[in-house]
Amino acid sequence: MKRLLVIALVASVSSAFALIVAARRRQPEPSWEPGLEFNPDFDLTPEEILADIRGDSPTA
């Protein structure tokens, strides 16, 4: 009975450690803009970015 308790304790501690390690390694998903993957030279100017945020750009 004592051996089973020790095994359960070790398993729970190791699974908690694995969960913490996996949570710390998680990174945000990369953004994807459809159509932009075909244009490697696509680069917005700061003015175009601000106009897009305000909704003034022609593509908004």
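I began with arginine 54, which forms a salt bridge with aspartate 56, the closest N and O atoms being 3.0 Å apart. I took a salt bridge to be a side-chain nitrogen of Lys or Arg within 4 Å of a carboxyl oxygen of Asp or Glu. Side chains of opposite charge can pair when their charged atoms come close. A search of the whole structure gave me 1 salt bridge.

I noted that this is a predicted model, where local features need pLDDT of at least 70 and side-chain atom pairs count only at pLDDT 80 or more, while totals for chains, interfaces and linings use all residues. Residues are numbered from 1 along each chain as its sequence is written, and side-chain values use heavy atoms, with hydrogens and water left out.

Next I looked up accessibility. I used buried for under 20% relative accessible area, exposed for over 50% and partly exposed for in between (1.4 Å probe, protein chains only). Arginine 54 counts as exposed at 56%, and aspartate 56 counts as exposed at 54%. Buried residues make up 3% of the 60 residues in the protein.

I then went through the secondary structure and found 2 helices and 0 strands. Helices (H or I, at least four residues) and strands (E, at least two) are DSSP runs, numbered from the N terminus.

How many of the 24 residues of H1 are buried? I found that the number is 0, so H1 lies largely in the open. The end C-alpha atoms of H1 are 35 Å apart, which agrees with the 34 Å that its 24 residues should span at 1.5 Å a residue. That expected span is 1.5 Å times one less than the number of residues.

In helix H1 I looked up serine 12. Serine 12 is partly exposed, at 38%, and its side chain reaches the backbone oxygen of leucine 9 at 2.9 Å.

I placed leucine 44 in the loop between helix H1 (2-25) and helix H2 (46-54). Leucine 44 is partly exposed, with a relative accessible area of 33%.

Definitions and conventions: A polar contact is a pair of N or O atoms within 3.5 Å; within protein, one must be able to donate a hydrogen and the other to accept it, and residues adjacent in sequence count only if both atoms are side-chain atoms.
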